[in-house]
2 protein chains.
Amino acid sequence: MAKDAARMKLSDLGEFPFLRRLRGRVPADPCVLLGLGDDCAVLSLSGTTLLTTDAMIENVHFRREWTSFSVLGEKAFMVNASDIAAMGGEPTFALLSLGVPQECEVEDLDAFFDGFVRAAGACGAALIGGNMSAAPCLMLSVTLLGRAPHSVVTRGGARVGDDLYVTGTLGDAALGFRMLQEGRNTADAQAVKARFLRPTARLAIGWEVAARGQATAMIDVSDGLLQDLGHLCEESRVGAVVEAQALPLSDAYRALLGDRDWSLALTGGEDYELLFSVSAEHRPALDAVAQSSACSITRIGRIVPQAEGLNVRGPDGRVYTPAHVGYDHFRLA
Amino acid sequence: MAKDAARMKLSDLGEFPFLRRLRGRVPADPCVLLGLGDDCAVLSLSGTTLLTTDAMIENVHFRREWTSFSVLGEKAFMVNASDIAAMGGEPTFALLSLGVPQECEVEDLDAFFDGFVRAAGACGAALIGGNMSAAPCLMLSVTLLGRAPHSVVTRGGARVGDDLYVTGTLGDAALGFRMLQEGRNTADAQAVKARFLRPTARLAIGWEVAARGQATAMIDVSDGLLQDLGHLCEESRVGAVVEAQALPLSDAYRALLGDRDWSLALTGGEDYELLFSVSAEHRPALDAVAQSSACSITRIGRIVPQAEGLNVRGPDGRVYTPAHVGYDHFRLA
C-alpha cells in the first residue's frame with residue numbers, strides 16, 4: 001500500500017496533498033515565524049541579506065536519463081548556493097518554484113525534495129516556501145537567501161596588480177557534460193560526469209576570504225572562466241592575464257584531454273568554482289588558507305589595466321586574446 | 001537602427017547584453033545595497049519579511065496569443081503581490097527567473113519587463129535580481145518580498161462565529177478564461193477577459209484589515225473560493241457556511257451566466273480577491289472600510305464548528321456540501 005502510494009502519479013494525488021507532505025520537513029528556526037503552508041513565508045531578518053535566483057530546465061540544463069531526482073534536487077540547491085558563496089555569505093532560506101509534467105510520479109518528486117532538503121541542510125539552509133504547477137517539462141526555479149555578517153565581496157573591487165585565484169579544478173563539468181552526451185563510462189568519464197551532476201558550492205572558502213577581507217572581487221565560475229572573469233573585469237574596470245599553464249586541471253581532465261588542451265578549462269561552464277582577486281601582499285595568507293582547506297586554491301593570473309583587456313598567456317609566453325569566452329544560452333555559436 | 005535592435009531576437013543579442021539593459025531600471029532605495037548585476041542582490045532588511053514565489057507557464061497559465069508581453073509582465077507581478085496582500089503586507093522587492101524560447105524578440109522581452117516593473121512600481125516594489133535561461137516555452141517565476149510592520153494575518157486564526165468577507169467580485173477570471181478559449185468578444189466577454197488577464201492585488205484592503213487587527217484569518221482566492229476557503233478552514237480547524245445569494249457577481253458575469261449560476265463564483269480560479277474572517281463585533285467598522293475603499297467588500301457567510309464542514313446554502317435555504325471545490329493543476333477532473 002505504501003509502495004502504491006509512492007508510485008502514484010502527481011495527477012492521482014493532487015498538488016495540495018503533496019505539498020502537505022512537505023510541511024513536516026521545515027526545521028524549527030527562531031527566524032522562521034511561518035514556513036510552508038500559508039500565502040507567504042514569514043521571516044524575522046536583520047542585517048545584510050543576500051538574494052539570488054537560478055533555474056534548471058529539462059533538456060536545457062539536464063536530461064532526466066542522466067540523473068536521479070535526488071541528485072537533481074542537490075544540484076538545484078548547489079547552483080544557487082554557489083552564488084551565495086561568491087559574495088562570501090552563507091545560505092539561510094530557500095524557496096522552490098516547480099513546474100512538473102502531469103505524468104511525474106510522487107516517488108520521484110519526493111526524491112527531488114529529499115536531495116534538495118539534504119543539500120540545503122548540509123549547508124545550513126532550510127526550505128521555507130514554494131509553489132508547484134503543471135508544466136510541459138521539469139522546471140526547477142530556486143530562490144535562495146543568505147547572510148553575510150562581514151562585508152560582501154562584489155565583482156567590482158579588483159585592482160591592478162591583484163593576483164587571481166580559482167578554487168578546485170576547471171573544465172571538468174563541461175567535459176562531464178560531453179561524456180554524458182557521448183555515453184562514455186570509463187573511470188575518468190565517470191569522474192568528470194560527477195562534477196557536472198553533483199557540483200559543490202565553495203561556501204567555506206568564499207566565507208573565509210570574505211571574512212578575512214582578502215578578496216577584492218569574487219564571482220563563481222558558472223558560464224566558463226573567461227566569461228565570468230570578463231564580468232569581474234568589466235565591473236572592476238580592469239583587465240586580466242590568465243596563465244594557461246597555471247590552470248588547475250583534474251587528473252581525469254588530463255587523462256581525457258591531455259595536459260595542453262585548456263579549451264574547456266577556459267570556456268566550459270558549470271564548474272561552480274570561485275574566482276577571486278587578492279592583493280599580492282596576501283599571498284602568504286592565501287597559501288595558509290589553501291593548506292587548511294579541503295579544496296585547492298590556485299593562483300592563475302593577475303589583474304592588469306583595463307586597456308590591456310582580457311588575455312591568456314600560453315606556455316610559449318605568447319599572449320592572445322580569446323575570441324570565444326564562454327557560454328551564453330541565447331547566443332548561437 | 002533602433003527599430004532593428006528592438007526587433008532582434010534574443011539569440012542575436014545574447015543574454016548578458018540584454019540583462020545589462022535592465023540594470024539602469026532599478027530605483028535607488030537605501031535598503032538596496034546591491035541590485036541587479038552581481039552574483040546576488042544585497043539588501044539591508046529588518047523586521048518582519050514576507051516571501052512568496054509563484055510561476056506562470058505558457059500554455060498552462062496563459063497563451064501568448066491572448067495577451068501582450070506587457071500585460072503578461074503586469075500579471076506575473078500581481079499574482080505574487082496578491083499573496084503579500086493576503087498576509088496584510090506590502091510588496092518591497094522582486095526577483096524574476098525567466099525561461100525564454102530562443103526565437104523570442106528583444107522587443108517582446110522589453111515589453112514584459114516594462115509591464116512587470118510598472119506594476120511593481122505602482123505597488124511600491126522594485127526588481128532587484130533575476131536570471132534568464134533558454135527554455136522550450138515561456139516560464140516566468142517570480143519571488144516577491146514584502147514587509148508587514150503590524151502582525152501578519154495567517155490562514156489559521158478564524159474563530160467560530162466570525163463573519164466571512166470577500167473583496168470585489170468572484171468568478172470573473174474563470175469566466176474570462178472561458179471567453180478567451182471560445183474567442184468571444186462581446187462587451188461582457190471583454191470585461192471578464194480583462195479580469196483574467198489583468199488581475200489586481202487587493203493590497204490596500206489587505207493592509208487595512210491587518211493593520212486594524214480586524215481580520216482573524218485571510219487568504220487570496222487564486223484556486224477558487226471553495227478551495228481557498230477550504231484551506232482557511234483546515235488551517236483554522238473550523239467549518240464555514242457560504243450564502244450563495246450573497247456572492248458578489250459582476251454585471252458581466254450576470255449577463256453571461258445569469259443571476260443564479262454560482263458555479264464559477266464558487267470554484268473558478270485566478271480572481272485574486274481576498275477572503276477573510278472577521279469577528280461579528282467589527283461589522284460596523286468593516287462597513288466603514290468598505291465605504292472608503294475603491295473596491296467592494298461583501299459579507300458572504302460565516303465560520304461554523306469544524307464538525308459541520310464546508311457548506312453552501314442555496315436561495316431555497318437548503319445547505320449542500322460541494323463535491324468539487326476548485327482547481328488543482330494535477331488532479332484530473
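Let me start with how the two chains relate. Chain A is superposed on chain B by a rotation of 180° with 0.0 Å of shift along its axis, and the RMSD is 0.0 Å. The two copies are therefore related as by a two-fold rotation axis. In chain A, the C-alpha nearest that axis belongs to A:Ser46, at 2.2 Å. Please keep in mind that this is a predicted model.

Next, the contact between the chains. On the chain A side, 57 residues are in contact with 57 residues of chain B. Both copies use the same surface, since 100% of the contact residues of chain A recur in chain B. Which element gives the largest share of the side of chain A that touches chain B? That is strand β2 of chain A, residues 41–57, with 15 residues. By type, the residues on this side of chain A are 27 nonpolar, 21 polar and nine charged.

Strand β2 also pairs across the two chains. β2(A) and β2(B) run in the antiparallel sense, over 11 bridges. One of the pairs to look at is A:Gly47, whose bridge partner in β2(B) is B:Leu45.

Last, a helix pair within chain A. Helix α6, residues 172–182, and helix α7, residues 187–197, pack with their axes 7 Å apart, at an angle of about 115°. That angle makes α6(A) roughly perpendicular to α7(A). Their crossing is left-handed. Among the residues that meet are A:Leu175, A:Phe177 and A:Met179 from α6(A), and A:Val192, A:Lys193 and A:Phe196 from α7(A). Over the contact of α6(A) with α7(A), nine residues are nonpolar, one is polar and three are charged.

Conventions. Residues numbered from 1 in each chain as written. Chains lettered and ligands numbered in written order. Predicted model: local features only at pLDDT ≥ 70, side-chain atom pairs only at ≥ 80, totals over all residues. Axes fitted to C-alpha atoms, helices over the stretch in contact; angles between N-to-C directions. Helix = DSSP H or I, 4+ residues; strand = E, 2+ residues; numbered from the N terminus. Parallel < 35°, antiparallel > 145°, perpendicular 65-115°, else oblique. Left-handed = near helix turned anticlockwise from the far one by under 90°. Contact = placed C-beta atoms within 7 Å. Nonpolar A, V, L, I, M, F, W, Y, C, P; charged D, E, K, R; others polar. Least-squares fit on C-alpha atoms with pLDDT ≥ 70 in both. Pairing = 2+ DSSP bridges.
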